[in-house]
Amino acid sequence: MKKVHGFEFIDKTNNQNSNININKNSNKNTSNSHGKRILAVILVLGMMTALLGGCKGKEQKAPVIHLGVMYSSDIIPLGIIEDQKLDEKYGFDLVMQVFSSAKDRDAALQSGELDGIFTDYVAMCIYQNAGLDMKITGVTDGDFQLLAGKDTGITSLQDCAGKSIAISENTLIDYTLDYILEQNGYESDYVSKEIVPRIPDRFEMLRTGKIDLGLMPEPFATLALEEGAVLLGSANGEGIFPAVSAFTQKSIEEKDDTIKAFYQAYGEAVDYINTTPLENFEDIVIKSAGYPEEMKGKIVLPTFRKNTTPSEEELEKAIAWAAGKGLCDAGLKPSDILHIY
């Protein structure tokens, strides 16, 4: 910062006759000098104000991550990030958009409104087939539980031959059901599949006895179990975690550091969830995952994992299944849909 200095010049002549004139002129010059100093200070202060104002106006806002999700237990860490302002701590702004259907989420993704989404293996194959370059950057902890209706008398998979189950066709639910059946020695046609696209509709059919079986994410699984449904198995129980976080290749190229910061915040949120009594943040869980208020005190959370990526073997199985359904090219490789942070 520049400082303004005033200078006074004093005539030290010994001529007494001219001393009066000299003093008069000195007073006049001193007055002019003071005036100039005041003017200089005003000008400098004005310049400083303008510069500071200009700097303030040019302050860069935190980079934004637009993330599209649907209500489920795997977005609970995002709720913690927002509640504890971990995005601010790590230097970015998380804008989370919650969609009621995968169709709406994917429409927003295709229109360029989103940097990333919480999605799944099968959807990733479909995106690539449609020319939408997406990369899996993490695995989330959503589960899908295979349930039997309370009045069906079904207690194990052995009782399920020919029983009806509502699914959404050519989706993660369809793939996960086939995977669970295969792991237990059954073919895909061991059960009778009925196509019902919306999860709330499938849940209602299960609870009212219109179908025998359901494969449900949270919070629907817990709600069904509360009403007497029987747990037969789950995706996570069979060692499959098909729900993932993914970003567009464009966002990875343009916001690489910001995405890294997002996963740092995600890791801190996971630490908090795993080490903090649930009652301390249960309201956030209810709001984030879409649990009804009456579930308070009954919610059980899994142990969440810090960010990781699926194995190539897992992705190869999903790609082979999707290719067999005509959803993607059989030549698609795990490296085509994977970006490791």
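Student: What percentage of the residues in the protein is buried?

Tutor: In this predicted model, buried residues account for 43% of the 341 residues in the protein. The accessible surface comes to about 18,300 Å², and carbon and sulfur atoms contribute 50% of that area.

Student: How many helices and strands does the protein have?

Tutor: The secondary structure consists of 12 helices and 10 strands. As for contacts between residues at least 6 apart in sequence, 76% of them join residues at least 24 apart.

Student: Next, helix packing. At what angle do helix 6 and helix 12 pack?

Tutor: An angle of 65 to 115 degrees counts as roughly perpendicular. Helix 6 (residues 172-183) and helix 12 (residues 312-324) pack at about 110 degrees, with their axes 11 Å apart. These two helices are therefore roughly perpendicular to each other, and their crossing is right-handed.

Student: Which residues of helix 6 and helix 12 meet?

Tutor: From helix 6 come Asp174, Tyr175, Asp178 and Tyr179, and these meet Glu314, Lys317, Ala318 and Trp321 in helix 12. By class, this contact has four nonpolar, four charged and no polar residues.

Student: How do the axes of helix 2 and helix 11 cross?

Tutor: The axes of helix 2 and helix 11 (residues 282-289) come within 9 Å and cross at roughly 120 degrees. Helix 2 is therefore oblique to helix 11, and the crossing of this pair is right-handed. Helix 2 contributes Ile76, Gly79, Ile80 and Asp83 to the contact, and helix 11 contributes Ile284, Val285, Ser288 and Ala289. The classes here are five nonpolar, two polar and one charged.

Student: Let us turn to the backbone. What is phi of Lys85, and where does Lys85 lie?

Tutor: Most residues other than glycine have a negative phi. Phi of Lys85 is near 55 degrees, a positive value in a residue other than glycine. Lys85 lies in the loop between helix 2 (76-83) and helix 3 (86-89). With a relative accessible area of 46%, Lys85 is partly exposed.

Student: What is phi of Asn170?

Tutor: Phi of Asn170 is near 60 degrees, again a positive value in a residue other than glycine. Asn170 lies in the loop between strand 6 (164-167) and helix 6. At 24% relative accessibility, Asn170 counts as partly exposed.

Student: Finally, peptide bonds. What is omega for the bond that joins Glu218 and Pro219?

Tutor: Most peptide bonds are trans. The bond between Glu218 and Pro219 is cis, with omega at about 5 degrees. Pro219 is placed in the loop between strand 8 (213-216) and helix 8 (220-226).

Methods:
Residues numbered from 1 in each chain as written. Predicted model: local features only at pLDDT ≥ 70, side-chain atom pairs only at ≥ 80, totals over all residues. Heavy atoms only, no water. Helix = DSSP H or I, 4+ residues; strand = E, 2+ residues; numbered from the N terminus. Buried < 20%, exposed > 50% of the residue type's maximum accessible area, 1.4 Å probe, protein only. Contact = heavy atoms within 4.5 Å. Areas by Shrake-Rupley, 256 points an atom, 1.4 Å probe, with all protein chains shown as cover. Axes fitted to C-alpha atoms, helices over the stretch in contact; angles between N-to-C directions. Parallel < 35°, antiparallel > 145°, perpendicular 65-115°, else oblique. Left-handed = near helix turned anticlockwise from the far one by under 90°. Nonpolar A, V, L, I, M, F, W, Y, C, P; charged D, E, K, R; others polar.
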